[in-house]
Amino acid sequence: MTPAFSSVQQLRQRYRTEIAGTWEAFGRNGDGPMAVRRRAALVDQLCEQLWLTLSNAAMRSGVALVASGGFGRKELFPHSDVDILYLCSDAQSEAEFREAILACNQAMWDIGLRASPATRTLKECDRYDPENLEFTLSLLDRRFIAGDPAPYQTLQSEILPALVLREWSNIAHRIAELSRARHEKYGNTIFHLEPNIKECPGGLRDYHLAHWLNLLNHIREHKGWPPFSASPFYALRGEDASSAFDFLSAARCFLHLRSGRDNNRLDWQSQDEAAARSIGLETQGTSDPAYWMRTYFRHARTVHRRAMLLMEALPPPRQSFYKHFRRKRVSVAGTDFMLEEGRIDVSETAQVADPEGILRIFGMIAAHGYRLTRQAEERIADSLPVMDVQAPEGPFLWNGLREILMGPHAAQALRTMHALGILELLIPEFHGIDALVIRDSYHRYTVDEHTFLVIDSVHQLRQPHFPWEKRYATLLGEIDRLDLFLVALLMHDTGKARDTGDHTVESVVLADSLLARLDLDPEERDTIRRLIRNHLEMSAALRRDIFDAETIRVFAEKVGSQTHLKMLCLMTYADIKSVNPDALTPWKAENLWQLYISTSNFLDRSVDEERYRTAVDPVLFKRILGLAPEHASELRAFLEGLPQRYLLTRQPEQIRDHFLMALRLNSSKAQINLRSLRQLNELTLVCRDRPLLFADVAGALSIWGMNIVKADAFSDDAGIVVDSFQFSDPFQTLELNPSEVQRFQQSLLDVVSNAVPVEDLLRQRHLYRAPSMLNVATRTEFDNLSSTHSTLLQVVAHDSPGLLRSIATTLSAHNCNIKVALIDTEGEIAIDVFYLTLRGSKLDDDAQQEIGQALLAAIEELRPVTTP
């Protein structure tokens, strides 16, 4: 055994022993920054010893061993690579030490270090390559470890400062360009259900981005390095940034140790475990996962905002210098602020404590989309104690708040106020929802961010992009008191901070406190309170048959007026749209509009007027007959045997097609039609009724991986069934494989005609049930009051493959007839509503109890395993 090999063996044993102690200490104290610094210090010693042993160069010169990147910042996480630079004075030194460098790299891997080495001469370090920005950035975070200090001193004092000053604009703008591309990859938002705490906006990469830009700005201004104290890391201003780094560091250490690799994804289960161990928190013991994620989002918001401010403050690229030189600063009347190219700044000598001037600034941001400079933000934040003493109230506060809310960029102004603490100072009732997490797979955003998105969604209707948005945009101009409406939006979810069950009631209480300070008239207060109290009613009505007269009547009685209906419709539209990017589907937007139109028509009629006829509308009959003139008698019989809801929800051309499909049943057992419907597919089935028909079709669709979002079931007096299923194709099976469409249709025909029992297909294809992030309690609710002809059954359960078939099979086993099925999902939660009859009548109490118990048992068999 050679002495070098023996030394490596000893160093490996030392590394294993000491690093185990480091992670054991982290498990006790949860101090992430201390843990990564201890690992960096240990690796420093190992690398120094290796170089001295393997290079045999204690008395020779020409090569310096330099820590760079994360290693240079003393941020060595449990499974981070060790970025090591062999800095050679020239090509001759590089060639002379080549064998020693290779041996050192191999020894590092033998010890258990994931070496990420680079070998460069001083001349090579003096070049900036825009395609290899990472190398230049790694040099900004460098430390001398071992070897000849002369090359390092040359790099430190001469080459790097000159390179940064020469290439400052290129380096800074390239950093910003790559950072914006990274942000775009993650949707330009910090809000993710399972964020990557390194790469996501607001993660450690953004923290380092702010560090690099701060460092570059210092070098540019002072022509040299900042005065380093204990660490070369150029710290960000403020304790909040330091706290954010401490939390993110602890979380990343935890993730690495938990998975045994360089894993930075904060998945659902790791959130539970991190909360149970209070990772990154000052408190000991366990904490609630929602609270832990709330802390994460607060820190991510701080880091992301700092990084964005620094990027926005970058001067234009060098080619725009002349334009930059000619830019003018314009004073904002009545304030100490100045406006320059869309950014609001403040002089160093200005006194920033005037509430009127500050409200005016945020009014300008809301009106024009201006942004504050970092200096302006810091000065406003520093003035909070003075403003707290002079906090405005009454008409003065109302006028300032109203100006902000009415601006097209109101959400941007409110976010800035919120980040600086101004919003909570003026409206302390808002503080409870700061970064508040609703922890399920449906709610993407924290409650405060959701509120800002709701307000932004309303203002975006000023310039609608999609046809269905243009419908809602027409309502925006018909709201007389848009200011009151926007106050209701701002306060509508504040009650979620109080865990009492019904957040609408608590939101009204909190809004009352604000409205009293605004000194609004009783009528104005009542408008806002009523909107907040009823803001979930329209969403609830969408889970009922909106083509049923009783549903419309009940909802219209709650609304009461056209004015309130318009505001409630816009509020519901914006509220659903802002839950997550995919919540407001075109189908749901269409249903919401249909509910609005039906309710509006109801409110315009006399209460005593007959709203639905039992006979076929002659005008409708004539239109359809014109499409099939040779079948007058058969057509009338077909139409008069179907419910009015069918006639109200189908175009004449569709009814004609269904009628012709029914005529062909003399020569075939079933007819199906498949068509694309925006983001969905619609399957229409016409056949003779039989037991379990609805359940079998639902099962067949599940077998093919389709996700049913809506279903209707109709039958006429002759036993002809017209069922329709709207479904999404999450795996794009039909779109990417056109040849499969015919096989898909044939499979459905085989199931409908009983040629192939659906149970055989279920046995052939295992329905994958992914582990659940949530433990969803199954609930069944029966309602005999909302419909004059049916019993409403609402089933809330985990959305599992085969759920609809299981429900339908159970209902069929109890001889229930499904008149209408409304299928909806919120993340992993299915909320399905069925209109049922039993032998032509509503279900009595005994039947409801029996069916409810049977459903709970059937759904329990489908429940997926909840991941620990």
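**Burial and overall extent of the protein chain.** Of its 868 residues, 55% count as buried (under 20% relative accessible area, with exposed over 50% and partly exposed in between; 1.4 Å probe, protein chains only). The model is predicted: local features need pLDDT of at least 70, side-chain atom pairs pLDDT 80 or more, while totals for chains, interfaces and linings use all residues. Numbering runs from 1 along each chain as its sequence is written, and side-chain values use heavy atoms, without hydrogens and water. The C-alpha trace spans about 110 × 75 × 55 Å along its principal axes.

**Secondary structure and contacts of the protein chain.** There are 38 helices and 17 strands, taken as DSSP runs (H or I, at least four residues; E, at least two) numbered from the N terminus. Among contacts (heavy atoms within 4.5 Å) with a separation of 6 or more, 71% join residues 24 or more positions apart.

Ser728 counts as buried because its relative accessibility is 17%. Beyond neighbours within four places in sequence, Ser728 contacts Leu680, Met706 and Asn707.

**Close-up of a negative surface patch.** Asp519, Asp521, Glu523 and Asp526 form the patch. Patch residues have over 30% relative accessible area and no salt bridge, with like charges joined within 9 Å. A salt bridge places a side-chain nitrogen of Lys or Arg within 4 Å of a carboxyl oxygen of Asp or Glu. Asp and Glu count as negative, and their charges are placed at CG and CD. Asp526 lies in helix α24, residues 522-533. With 40% relative accessibility, Asp526 is partly exposed.

How values were computed
Patch = residues over 30% accessible without salt bridge, like charges linked within 9 Å, V, L, I, M, F, W, Y side chains within 5 Å. Areas by Shrake-Rupley, 256 points an atom, 1.4 Å probe, with all protein chains shown as cover.
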